[in-house]
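Trainee: I have a structure to look at and would like to learn how to read its features. Where should I start?
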Amino acid sequence: MTGPIIALDKVRREFTAGDTKVVALDDLSLSIAPGEMVAIIGSSGSGKSTLLNILGCLDRPSSGSYRVAGKNVAELDADALAALRREHFGFIFQRYHLLGDLSAAANVEIPAVYAGIGARERRLRAEALLTRLGVGDRGGHRPNQLSGGQQQRVSIARALINGAEVFLADEPTGALDRRSGEEVLKILEELHLEGRTIIIVTHDDDVAARAGRIIELRDGRIVSDRRAETATVSEPPPVTSRTTQHGDAGWASALGRLREASRMALVAMAAHRLRAFLTMLGIIIGIAAVSSVVALGNASQRKVLSDISSLGTNTIEVFPGKDFGDARAGKIKTLVLGDARALERQAFIAGVTPTVSTSTTVRYRGNESNVLVNGVGESYFLVKGAKLAKGRLFGSEAVHNIERQVVIDENTRKTFFADDQTAGIGRIIWLGKVPCRIVGVIAQQQGGFGSNQNLSVYLPYTTVQAQFTGDSSLRSVLLRISDDVSTSLAQDAVTTLLTQRHSTRDFVILNTDDIRRTITSTTQTLAFLVAAIAVISLIVGGIGVMNIMLVSVSERISEIGVRMAVGARRSDILQQFLVEATLISSIGGIAGILIAVLLGTAINIAIPGFGVSYSPFSIGAAFLTSTGIGIGFGFFPARRAAFLDPVVALSRD
Ligand code: ADP
Ligand code: MG
């Protein structure tokens with residue numbers, strides 16, 4: 001090896017603190033040959049640390065040039081500088097700068113992780129180095145379980161793991177007692193004898209005396225550069241043993257680093273469990289709320305629609321009145337039996353049943369209650385999809401003969417015949433002053449037919465007109481449309497026909513398709529509102545994640561500095577924090593989904609037949625949303641960490 005490994009030419013480093021400018025290094029020139037052991041001494045503030053930071057590519061000169069093994073550092077980008085720190089330099093700090101959440105062995109492995117070396121190889125190297133440095137039995141210990149001397153050995157092992165050529169030690173014995181300091185110096189001397197370049201910053205003359213060359217700084221300038229007579233320049237080790245072993249290229253390396261980032265994120269979360277949980281809580285609540293509200297909405301819409309379809313498709317009902325809710329509808333007497341007869345003759349009509357209604361009291365053996373009396377045609381039950389629970393329905397001859405046969409509903413049966421084996425079939429009840437014989441009971445239907453608390457009974461409409469209302473006007477005409485005719489065409493035809501007959505449009509037509517459409521569009525509006533609220537709540541959750549990640553970054557600035565010093569790229573730091581944010585929010589998302597599913601199951605048990613269900617699609621969407629929140633809101637804090645200045649980060653304690 002011929003040229004110097006380190007060559008500074010008129011390097012200047014200025015700091016601006018407020019209005020004043022501090023010159024930390026003043027046009028300093030220096031060259032160091034491979035295999036030298038150099039001590040840099042000088043009083044406090046003379047620029048030693050600044051020099052070391054520039055040598056280690058943690059900092060850049062304000063002016064002047066710095067060449068490492070002939071390469072001009074000014075021409076290298078951030079990643080190339082990180083690579084230099086990773087492969088060529090080994091840092092040893094006064095306060096060791098080990099990461100407290102990791103074991104000694106894991107600390108040693110960090111530079112190898114960033115170099116992309118496989119896990120097995122890393123572990124073997126770390127074990128070997130720790131053993132060699134006399135702390136082989138402490139690999140599993142946390143830094144705070146080790147003495148200062150042991151911690152410093154661990155940090156030397158970390159500096160060695162990628163086979164560094166140049167060791168940069170800033171007061172490596174400054175925090176140690178004499179004996180431990182002596183041991184650390186011995187190790188550094190050994191490394192020197194192996195041919196490595198050692199640069200030690202110290203203000204201890206005894207320490208400096210161990211080096212072959214002593215450079216003294218004052219006010220950023222070299223005031224003396226002495227070589228001891230005994231100075232040795234060790235022969236650099238043969239290239240084979242010195243060559244750093246690069247890890248697997250590309251894919252495998254990137255994947256390995258991602259795995260390490262995930263592990264680190266888990267470690268960080270485990271170290272702040274409560275905080276991680278509280279951060280997740282926003283996401284958990286957001287995702288759980290969104291998932292359950294969407295599922296509930298879907299279930300209730302499905303239920304309402306199925307109730308409607310139990311009313312029968314292809315039916316339309318004509319009511320008197322200019323509009324729905326027309327207050328005078330009851331007084332409009334223009335919808336008459338003649339209309340029903342006329343409609344019955346149309347080819348597209350499969351069935352017609354006029355309806356009339358009134359209310360009266362019903363009496364049976366001294367019991368009395370209010371009842372809605374429905375006068376209907378014999379096909380009414382079929383059109384409405386009503387099911388017979390007991391007895392029979394009345395037929396066309398009963399309608400024709402104005403018979404006093406009555407079909408009661410389930411409420412009426414319960415009110416009067418709760419304990420009666422016959423369910424009232426064959427008994428005579430009094431509707432107002434009219435005695436009628438019960439012929440059948442119709443079953444209660446979910447949602448649709450007779451689901452409320454009122455009592456309803458059904459008689460032939462002819463009987464109701466003759467015995468109760470006394471006129472021929474109708475409450476409505478219920479039409480069943482032939483299956484091969486579209487409801488809307490039929491509705492148009494009915495409208496035309498009735499408008500001709502009445503010579504005015506004094507009726508309204510209700511069809512189940514319209515109701516279905518109205519309900520669908522209402523639930524869609526609701527779903528949209530819910531989605532809007534959901535988005536807001538998730539944004540709030542995301543801001544929570546961002547907030548905590550910013551706290552986490554500023555808490556771990558010195559960790560970030562250490563990682564950068566041992567060779568982490570910006571992308572490595574970015575990845576680590578991004579993975580942490582993403583993990584927090586996707587774990588929160590999974591918890592939220594689980595809560596929603598449990599809630600849905602509870603509702604299904606409590607309300608049978610409601611049918612809350614979660615499709616794999618919606619579960620997947622919820623999970624992706626939570627992951628996306630982590631990535632989206634974690635990016636800004638992670639980027640902030642990645643673009644920290646390594647020197648500034650390192651000096652934070
Ligand atoms: P030493 O390590 O020899 O004690 P330093 O290299 O730390 O000295 O500092 C040299 C000079 O540069 C000091 O006057 C110090 O105040 C100044 N200095 C170092 N770092 C900064 C900084 N980040 N901002 C402003 N001034 C700095
Ligand atoms: Mg210093």
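Trainee: Which residues are linked in a network of salt bridges?

Mentor: A salt bridge needs a Lys or Arg side-chain nitrogen within 4 Å of a carboxyl oxygen of Asp or Glu. In this predicted model, the network consists of Arg12, Glu14, Lys21, Asp26, Asp27 and Arg221. One link in the model is Arg221 with Asp26, whose closest N and O atoms are 2.5 Å apart. Arg221 belongs to strand S10 and Asp26 to strand S2, so the pair ties together parts 195 residues apart in sequence.

Trainee: Is Asp26 buried or exposed?

Mentor: Buried means under 20% relative accessible area. Asp26 has 18% and is therefore buried, while Arg221, at 44%, is partly exposed.

Trainee: How far apart are the closest N and O atoms of Arg556 and Glu580?

Mentor: They are 3.2 Å apart, and the two residues form a salt bridge. Arg556 sits in the loop between helix H17 and helix H18, and Glu580 in helix H19, so parts 24 residues apart in sequence are tied together. Both residues are buried.

Trainee: Why is strand S15 described as largely enclosed?

Mentor: Count its buried residues: five of the five in S15 (residues 405–409) are buried, so the rest of the structure largely encloses the strand. Gln405, Val407 and Asp409 cover one side, with Val406 and Ile408 on the other.

Trainee: Which strands pair with S15?

Mentor: Strand S17 runs parallel to S15, joined by five bridges; there, Ile408 has Val441 as its bridge partner. Strand S18 pairs with S15 in the antiparallel sense over two bridges, and Val407 is partnered with Tyr458.

Key. Residues are numbered from 1 along each chain as its sequence is written. Chains are lettered from A and ligands numbered from 1 in the order in which they are written. This is a predicted model: local features need pLDDT of at least 70, side-chain atom pairs count only at pLDDT 80 or more; totals for chains, interfaces and linings use all residues. Side-chain values use heavy atoms; hydrogens and water are left out. Buried means under 20% relative accessible area, exposed over 50%, partly exposed in between (1.4 Å probe, protein chains only). Helices (H or I, at least four residues) and strands (E, at least two) are DSSP runs, numbered from the N terminus. Two strands pair if DSSP finds at least two bridges between them.
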